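Please look over the sequence and the model before reading on. The report below is meant for someone meeting this structure for the first time.

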Amino acid sequence: MCGIVGAVSAKDSIAFLLEGLSTLEYRGYDSAGLAVINHGLQRARAKGRVAELAARVEQQALSGTIGIAHTRWATHGVPAERNAHPHISAGLAVVHNGIIENYEALREQLQALGYVFTSDTDTETIAHLIQACFKGEIGEPAENLFSAVQCAVKHLTGAFALAVVSEEEPDGLVVAREGSPLMLGITEEGHYAASDASALLSVTQQMMYLENGDVARLTRDAVVVVDAVGQPVKRDIVTSHLSANAVELGEFNHYMQKEMFEQPQALGNTLEMLSGAGQLHPGIFGADAQGVFEQVDSVLILACGTSSYAGMTAKYWIEQVAGIPCNVEIASEYRYRVSVPNPNQLGVVISQSGETADTLAALQHAKTLGHTHTLAICNVPESAIVRETALRFITRAGPEIGVASTKAFTTQLSALFLLTLLLAKGKQRLLEADEKAYLDELRHLPIAVEKVLALEPSIQAWSQQFANKHHALFLGRGRHFPVALEGALKLKEISYIHAEAYPAGELKHGPLALVDAEMPVVVVAPNDEMLEKLKANMQEVSARGGQLYVFADGDSKVRSTDGVKVLAMPEHYGLLSPVLHVVSLQLLSYHVALVKGTDVDKPRNLAKSVTVE
Ligand code: M6R
């Protein structure tokens with residue numbers, strides 16, 4: 001959600017700033033801007049993509065060794081050039097990722113001091129606030145930009161990562177963070193800042209992760225960091241394991257396509273610890289996991305979007321295999337509702353990014369309610385969510401750039417299945433022979449997913465028939481109901497077709513009224529204990545002229561007829577079948593979106609990593 005980069009370098013920073021923004025564009029893409037210090041402050045901004053900004057920068061012939069830049073996902077104020085960052089107050093410019101909750105009160109205070117606002121954003125408040133601190137209109141007059149930023153952040157409520165430059169100090173920039181990620185790139189020739197490590201990879205893998213409350217001043221030769229109480233601190237420099245080509249598109253047309261096809265590898269990496277293992281060890285979730293898994297009496301899963309559907313699937317597994325109750329709550333609801341805490345419950349947060357504001361807040365809320373047993377399933381090891389849980393499992397999907405989550409979901413499912421087995425072991429409910437059989441199935445999963453990906457041509461052929469539809473229904477039962485939800489979300493998100501998912505037995509309680517010849521109904525039909533019930537539900541659709549598109553296991557005995565199209569899934573996969581079925585629905589959405597010509601990786605109104613509430 002928004003991306004920021006900054007540079008203080010021996011050479012011109014424009015190429016780094018624009019490349020960094022392009023890498024971060026998936027986090028927000030409605031406008032972009034940059035500012036450099038070169039005989040004064042110079043700024044370029046543009047509505048639209050980074051490419052529009054690059055053209056402006058060229059037109060304006062901007063250059064400079066010190067600069068900051070931003071790609072925006074609008075929160076306060078419509079996407080427009082005047083709302084694009086950087087925001088300026090006299091000779092000082094600010095880029096910001098996050099939300100300032102008290103910006104209205106600050107705006108009034110600053111207007112009373114004579115500051116004139118030219119945008120609708122919360123960020124412009126920060127620029128004027130730093131200026132007011134600099135001049136001593138708020139607090140004591142600041143000695144320099146660094147102390148002005150330290151003064152200003154004390155007045156801000158909300159989440160932010162900031163980068164600030166001033167023409168008064170043409171030798172460096174100041175950054176600060178609270179709640180939103182920010183890291184520095186350390187090189188011989190200069191220092192860099194970004195809201196995501198991937199934007200730094202073009203210059204270095206040596207990174208310094210700032211903590212909440214940190215303010216740092218970057219010059220070409222030095223980095224000085226102070227913590228939330230103004231004490232100088234040293235933050236470790238770590239080598240990022242990300243490689244620059246992990247975020248490159250390579251032979252693929254879209255990141256979503258690349259990430260779908262990376263799923264066998266992502267699953268293989270995530271489950272690497274199983275190779276040759278005869279049994280599972282709780283230590284894969286952390287040193288204290290064994291005791292916790294034996295002690296807890298239930299599970300509470302907190303997540304948003306696709307990650308919440310992974311949690312819903314796990315509910316079926318955990319209750320069936322481990323025999324303990326499992327609740328799944330949408331993080332944005334849980335954090336505000338009055339719930340009944342249970343200190344013996346395992347609180348599990350699931351997040352690809354580890355930075356989703358609602359999920360992080362839900363975790364913090366659970367902890368304040370007395371949940372001490374917390375566990376994160378996350379794809380980003382350095383993320384805020386991982387740092388705040390007692391136990392953790394890092395999925396090894398690699399960077400996920402496409403806004404539509406794919407490989408993050410299937411690797412989350414594999415991690416949740418491991419958790420299920422370990423909880424069952426902790427409760428003495430897993431026979432050795434069953435454990436071995438489940439581990440074999442997990443090990444075979446990458447190959448099974450390959451076979452589903454090979455169905456692409458047939459799924460692509462179906463996609464033509466969805467492209468002119470305005471609505472679609474997705475049906476599933478049992479552990480495949482969350483798969484239907486995920487299939488509907490994917491279709492909505494990238495093809496803009498309105499899609500709803502129902503547990504198939506619910507159709508007759510209302511949604512059947514929507515079914516006619518214009519309504520495609522996608523059915524997830526594995527050969528499991530619910531198949532016969534599901535077939536009856538499909539009859540209800542056919543009898544009303546609905547068009548069925550059925551993903552059936554080969555041995556399901558569902559046949560293609562008039563109004564019923566059937567695609568045979570390569571393998572029946574028991575409890576793990578959701579991992580396979582969801583891949584076919586990802587492919588369907590992707591191809592429908594291609595036919596419709598939407599921007600698959602950057603769907604309208606959305607962005608990756610929702611770091612605002
Ligand atoms: O990073 P997270 O897993 O916490 O993100 C949660 C949701 O924002 C995310 O899954 C979203 O629903 C995806 N765009 C779905 O494809």
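This is a predicted model: local features need pLDDT of at least 70, side-chain atom pairs count only at pLDDT 80 or more; totals for chains, interfaces and linings use all residues.

Residues are numbered from 1 along each chain as its sequence is written, and side-chain values use heavy atoms, with hydrogens and water left out.

**Helix α2**

Helices (H or I, at least four residues) and strands (E, at least two) are DSSP runs, numbered from the N terminus. Helix α2 spans residues 50-59, and its buried residues are V50, L53 and V57, where buried means under 20% relative accessible area, exposed over 50%, and partly exposed in between, with a 1.4 Å probe and protein chains only. Because these buried residues fall within an arc of 55° when seen down the axis of α2, they line one face of the helix; the arc is that of the directions from the helix axis to the C-beta atoms. On the other side of α2, the exposed residues are A51, E58 and Q59. The cover over the buried residues of α2 includes α1 (14-24), together with β2 (31-37), β3 (41-47) and β4 (66-72), contact being defined as heavy atoms within 4.5 Å. After α2 comes A61, which has a positive phi near 50°.

**The ligand site**

There are 15 residues around the ligand, and those that come nearest are S307, S351, Q352, T356 and E493; a residue is near a molecule or strand if one of its heavy atoms lies within 4 Å of it.

| Residue | N or O atom belongs to | Distance to a ligand oxygen atom |
|---|---|---|
| T306 | backbone | 3.1 Å |
| S307 | side chain | 2.6 Å |
| S405 | backbone | 2.8 Å |

On its own the ligand has 410 Å² of accessible area, of which the protein covers 87%; accessible areas come from the Shrake-Rupley method with a 1.4 Å probe, and for residues only the protein chains shown count as cover.

**Strands and their pairing**

Two strands pair if DSSP finds at least two bridges between them. An open sheet is formed by 7 strands in the order β5-β6-β7-β8-β12-β13-β14, with antiparallel pairing. Its edge strands, each of which pairs on one side only, are β5 (87-89) and β14 (232-233). Strand β13 (residues 223-226) pairs with β14 in the antiparallel sense over 2 bridges, and V226 stands opposite P232 in β14.

Elsewhere, strand β21 (residues 471-476) is mostly covered, since 5 of its 6 residues are buried. β21 pairs with strand β22 (residues 498-503) in the parallel sense over 6 bridges, and L473 has E500 in β22 as its bridge partner.

**Backbone details in loops**

In the loop between β4 and β5 lies P86, and the peptide bond from H85 to P86 is cis, with omega near -5°. H39, a residue other than glycine, has a positive phi near 55°; its place is in the loop between β2 and β3, and H39 is exposed, with a relative accessible area of 83%. Y496, also other than glycine, has a positive phi near 65°. Y496 is found in the loop between α16 (481-495) and β22, and at 26% relative accessibility Y496 counts as partly exposed.

Note on methods
A polar contact is a pair of N or O atoms within 3.5 Å; within protein, one must be able to donate a hydrogen and the other to accept it, and residues adjacent in sequence count only if both atoms are side-chain atoms.
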